[in-house]
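Let us go through one structure by asking what stands behind the words used for it. Each answer sets a value against its definition.

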Amino acid sequence: MPKKDLYVELCKSSEFLIPHKDRTTILAALRQTIAEDDLRVYFLLSFGESLPLEKLYAKAARLKITPAEVDATLERLYKEFFVLRYHKPDGVHYERCPLTMIAEQQVRAKKGTEVGKLYSDYWIYLSENTVDVLPTRTPYFRVLPVEAAVGVGANAVEIPLDVEVPDPREVVPLDIASEIVKNQRVIGVAECYCRAMRDFQGQHCEMPRETCFVFNEFAESLIDQGIARRLTLPEALEILRQAEAAGLVHNADNFQGQIRGLCNCCSCCCPGIQAASRGRKNIQATSRYVVHFELEKCLHDFACVPACPTGAITEVDGQPVFDLNLCFGCGHCVSVCSGGALSLQIRPKAPTVPKTSKELQSRLMREAVLGLVVNKITGRKAG
């Protein structure tokens with residue numbers, strides 16, 4: 001039996017939810033980044049779950065890899081962003097990164113290099129060509145509204161997300177970016193990798209660059225690796241304020257509890273916003289709000305039209321027209337409406353948010369299995 005190509009196996013392991021058949025670009029990038037033999041240790045780890053060093057030594061011993069060899073390999077993998085490393089009460093832990101996350105960090109770290117462009121080309125190919133064939137329905141990310149657009153109530157008592165909210169102005173901490181940030185033990189910020197990728201394509205975006213928040217263990221690892229920098233809470237809140245002023249959309253992990261990241265996205269670079277603009281709902285969940293329009297208050301200055309990142313508002317015969325199927329409730333139109341004609345109200349059927357990362361991943365896995373079976377039966381192509 002021929003020996004398996006571990007670079008190909010790495011691609012396969014990350015393509016279950018994101019199909020990708022043309023591996024030429026990413027294989028070229030991987031071969032220039034890490035030795036194939038180092039991937040033996042990489043595959044001893046799991047996605048989404050960390051492993052203490054002592055248990056990793058025990059697993060490696062079955063492959064006749066010594067602790068010294070494990071240490072040296074982990075250092076190389078960590079330096080090239082193939083693994084995360086952080087401290088827990090029982091010692092140092094390592095976690096395996098999926099290929100998409102590896103590509104994100106490589107683009108940030110290797111700006112202006114040929115290998116960085118290879119990772120950028122791979123990631124952009126994924127974002128532009130696989131959204132429409134993903135075998136899942138649950139979005140990975142969710143929108144948080146502009147805080148001023150939802151008014152008072154950011155410190156309201158949390159209420160269940162699957163029951164009707166009697167007051168449309170009521171908000172819960174889950175809706176508010178600043179409340180989420182305040183609850184994090186460690187806060188870091190990194191360059192937006194979507195804008196960095198566009199740089200490689202010669203499509204420079206003028207929006208603010210340092211807008212990707214990372215939290216807790218994930219933040220500790222990226223800060224140590226030099227990808228992110230540590231923030232104080234006031235610094236983080238100021239970045240949020242500047243992001244809203246620039247018209248960027250808050251995009252968080254689509255689960256409750258201790259999320260790993262919160263991005264601030266622009267429509268020209270973010271594949272999630274671009275997919276939402278095409279009516280796709282399997283990448284980015286809406287906020288729990290939708291725009292409400294009162295014609296009698298409208299000043300007809302149409303500031304709302306360019307403010308909408310998904311093109312949900314257009315001008316037709318001198319009147320604003322709203323496509324609520326494209327509105328994901330970011331509230332930027334509300335923030336620029338000088339007449340007060342626009343407001344955010346709770347959606348009639350507000351989306352539920354998975355309680356934990358594990359619940360989200362389990363749901364995605366079930367949907368992927370079913371979706372791939374359906375695709376095979378119907379002959380629908382992926383990738």
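Predicted model: local features only at pLDDT ≥ 70, side-chain atom pairs only at ≥ 80, totals over all residues.

Q: Why is Phe-81 called buried?
A: Its relative accessible area is 7%. Buried means under 20%, exposed over 50%, and partly exposed in between, with a 1.4 Å probe and protein chains only. Therefore Phe-81 counts as buried.

Q: What makes the phi of Phe-81 worth a note, and where does the residue lie?
A: Phi is positive, about 70°, although Phe-81 is not a glycine. The residue sits in the loop between α5 (67–79) and β2 (83–88). Helices (H or I, at least four residues) and strands (E, at least two) are DSSP runs, numbered from the N terminus.

Q: Is Asn-216 buried or exposed, and how do you know?
A: Buried: its relative accessible area is 5%. Asn-216 lies in helix α10. Its phi is also positive, near 55°, in a residue other than glycine.

Q: What makes the buried residues of α2 lie on the same side?
A: In helix α2 (residues 24–31), Ile-26, Leu-27, Ala-29 and Leu-30 are buried. They cover an arc of only 160° around the axis, so they fall on the same side of α2. The arc is that of the directions from the helix axis to the C-beta atoms.

Q: What do the buried residues of α2 pack against?
A: They pack against α1 (6–13), α6 (99–109) and α7. Contact here means heavy atoms within 4.5 Å.

Q: How do you know that Asp-5 makes a polar contact at the start of α1?
A: A side-chain oxygen of Asp-5 reaches to within 2.9 Å of the backbone nitrogen of Tyr-7. A polar contact is a pair of N or O atoms within 3.5 Å; within protein, one must be able to donate a hydrogen and the other to accept it, and residues adjacent in sequence count only if both atoms are side-chain atoms. The pair therefore qualifies.

Q: Why are β7 and β10 placed at the edges of their sheet?
A: The open sheet has seven strands in the order β7-β5-β6-β9-β8-β4-β10, with mixed pairing. β7 (228–230) and β10 (284–285) each have a single partner strand, so one side of each has no neighbour in the sheet.

Q: Why are β6 and β9 called paired?
A: Two bridges join β6 (residues 210–215) to β9 (residues 261–265), and the strands run antiparallel. Pairing requires that DSSP finds at least two bridges between two strands, so this pair meets the cut-off.

Q: What makes the side chains of β14 alternate?
A: Leu-342, Leu-344 and Ile-346 point to one face and are buried.

Q: Which residues touch the most other members of the largest nonpolar core?
A: Leu-30, Phe-82 and Tyr-119 do, in a core of 73 residues. Helix α7 (residues 114–129) gives the largest share, six residues. A nonpolar core is a set of buried Ala, Val, Leu, Ile, Met, Phe, Trp, Tyr and Cys residues joined through side-chain atoms within 4.5 Å.

How values were computed
Residues numbered from 1 in each chain as written. Heavy atoms only, no water.
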